[in-house]
Amino acid sequence: MKVIAAFMLAQLGGNPNPSADDIRHILGSVGAEAEEDKIKLLLSAVEGKDITELIAVGREKLASVHSGGSVAVPAAAAAGGAAAAPAEVESKKEEKEELIEESDDEPMFPLFDD
């Protein structure tokens with residue numbers, strides 16, 4: 001990641017084609033070790049490609065990754081008790097909203113106590 005970050009910093013700084021020396025210089029300026037094999041791998045992977053297009057493709061790939069968060073339906077609901085499942089989900093949502101509202105009133109730790 002640090003090699004990619006150094007590459008991107010060089011590009012943000014106005015260098016459209018950062019070299020291995022540029023990446024080494026950036027990493028060295030913050031005391032990070034420059035790993036030659038990773039630098040060579042990155043430079044060979046991005047050679048001749050537009051970085052904004054690579055980022056766009058990466059975002060599309062990330063958008064297609066399932067990140068969880070779905071509600072599991074108990075086996076009893078799947079066997080015929082499906083009408084009870086939405087009510088349970090609704091009551092859980094209400095409980096969660098109440099907890100959130102209550103937690104907004106008092107912080108978990110004092111921020112500005114002496």
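**Helices and how they pack**

Modeller: Helices α2 and α3 are oblique to each other, going by the angle between their axes. Keep in mind that this is a predicted model.

Biologist: What is that angle, roughly, and how far apart do the axes of α2 and α3 come?

Modeller: The two axes cross at roughly 130° and come within 10 Å. The crossing of α2 past α3 is right-handed.

Biologist: Which residues meet there, between α2 and α3?

Modeller: On the α2 side they are A20, I23 and R24, and on the α3 side E36, I39, L42 and L43.

Biologist: Let me step back. How many helices and strands are there in the protein?

Modeller: The protein has six helices and zero strands. Along the sequence the pattern reads α-α-α-α-α-α.

Biologist: What about α1 and α3, at what angle do they pack?

Modeller: About 55°, with the axes 9 Å apart. An angle under 35 degrees would count as roughly parallel and 65 to 115 as roughly perpendicular, so α1 and α3 are oblique to each other. Here too the crossing is described as right-handed, with α1 passing α3.

Biologist: Which residues make the contact between α1 and α3?

Modeller: V3, I4 and F7 come from α1, while K38, I39, L42, L43 and V46 come from α3.

Biologist: And α1 with α2, what's the angle there?

Modeller: About 105°, and the axes are 9 Å apart. That angle makes α1 roughly perpendicular to α2. The contact uses K2, V3, A6, F7, L9 and A10 of α1 together with I23, I26 and L27 of α2.

Biologist: New topic, the inside. Which residues make up the largest nonpolar core?

Modeller: There are nine: V3, A6, F7, I23, L27, I39, L42, V46 and I51. In soluble globular proteins, nonpolar side chains tend to be buried together.

Biologist: Which elements give two or more residues to that core?

Modeller: They are α1, covering 2–12, α2, covering 20–29, and α3, covering 36–46.

Biologist: What is I51 in contact with, leaving aside its neighbours within four places in sequence?

Modeller: I51 then touches F7, M8 and Q11. F7 and I51 both belong to the nonpolar core.

Biologist: What share of the protein's residues counts as buried?

Modeller: It is 11% of the 114 residues.

Biologist: And among contacts between residues at least 6 apart in sequence, what share joins residues at least 24 apart?

Modeller: That share is 43%.

Biologist: On to charges. How many salt bridges does a search of the whole structure find?

Modeller: Four. One of them joins D21 and R24, with the closest N and O atoms 2.2 Å apart.

Biologist: Where do D21 and R24 sit relative to each other?

Modeller: Both are in helix α2, and because they are three residues apart, about one helical turn separates them. D21 is exposed, at 52% relative accessible area, whereas R24 is partly exposed, at 29%.

Biologist: Which residue does E36 form a salt bridge with?

Modeller: E36 pairs with R24, and the closest N and O atoms are 2.5 Å apart. E36 is in helix α3 and R24 in helix α2, so this pair ties together parts that are twelve residues apart in sequence. E36 is partly exposed, with a relative accessible area of 31%.

Biologist: Which residues are linked in a network of salt bridges with K2?

Modeller: E35 and K38 are linked with K2 in that network. The side chains of E35 and K38 meet at 3.3 Å, N to O. E35 is partly exposed at 23% relative accessible area, and K38 is partly exposed at 44%.

Biologist: Last one, the start of the chain. Where is M1, and is it buried or exposed?

Modeller: M1 is in the segment before α1. With a relative accessibility of 82%, M1 counts as exposed.

Biologist: How far apart are the C-alpha atoms of M1 and K38?

Modeller: They are separated by 9.5 Å, although M1 and K38 are 37 residues apart along the chain.

Terms used: Residues are numbered from 1 along each chain as its sequence is written. This is a predicted model: local features need pLDDT of at least 70, side-chain atom pairs count only at pLDDT 80 or more; totals for chains, interfaces and linings use all residues. Side-chain values use heavy atoms; hydrogens and water are left out. A nonpolar core is a set of buried Ala, Val, Leu, Ile, Met, Phe, Trp, Tyr and Cys residues joined through side-chain atoms within 4.5 Å. Buried means under 20% relative accessible area, exposed over 50%, partly exposed in between (1.4 Å probe, protein chains only). Helices (H or I, at least four residues) and strands (E, at least two) are DSSP runs, numbered from the N terminus. Contact means heavy atoms within 4.5 Å. Axes are lines fitted to C-alpha atoms, for helices over the stretch in contact, and angles run from 0 to 180 degrees between N-to-C directions. Angles under 35 degrees count as roughly parallel, over 145 as roughly antiparallel, 65 to 115 as roughly perpendicular and the rest as oblique. A crossing is left-handed if the near helix is turned anticlockwise from the far one by less than a right angle, and right-handed if clockwise.
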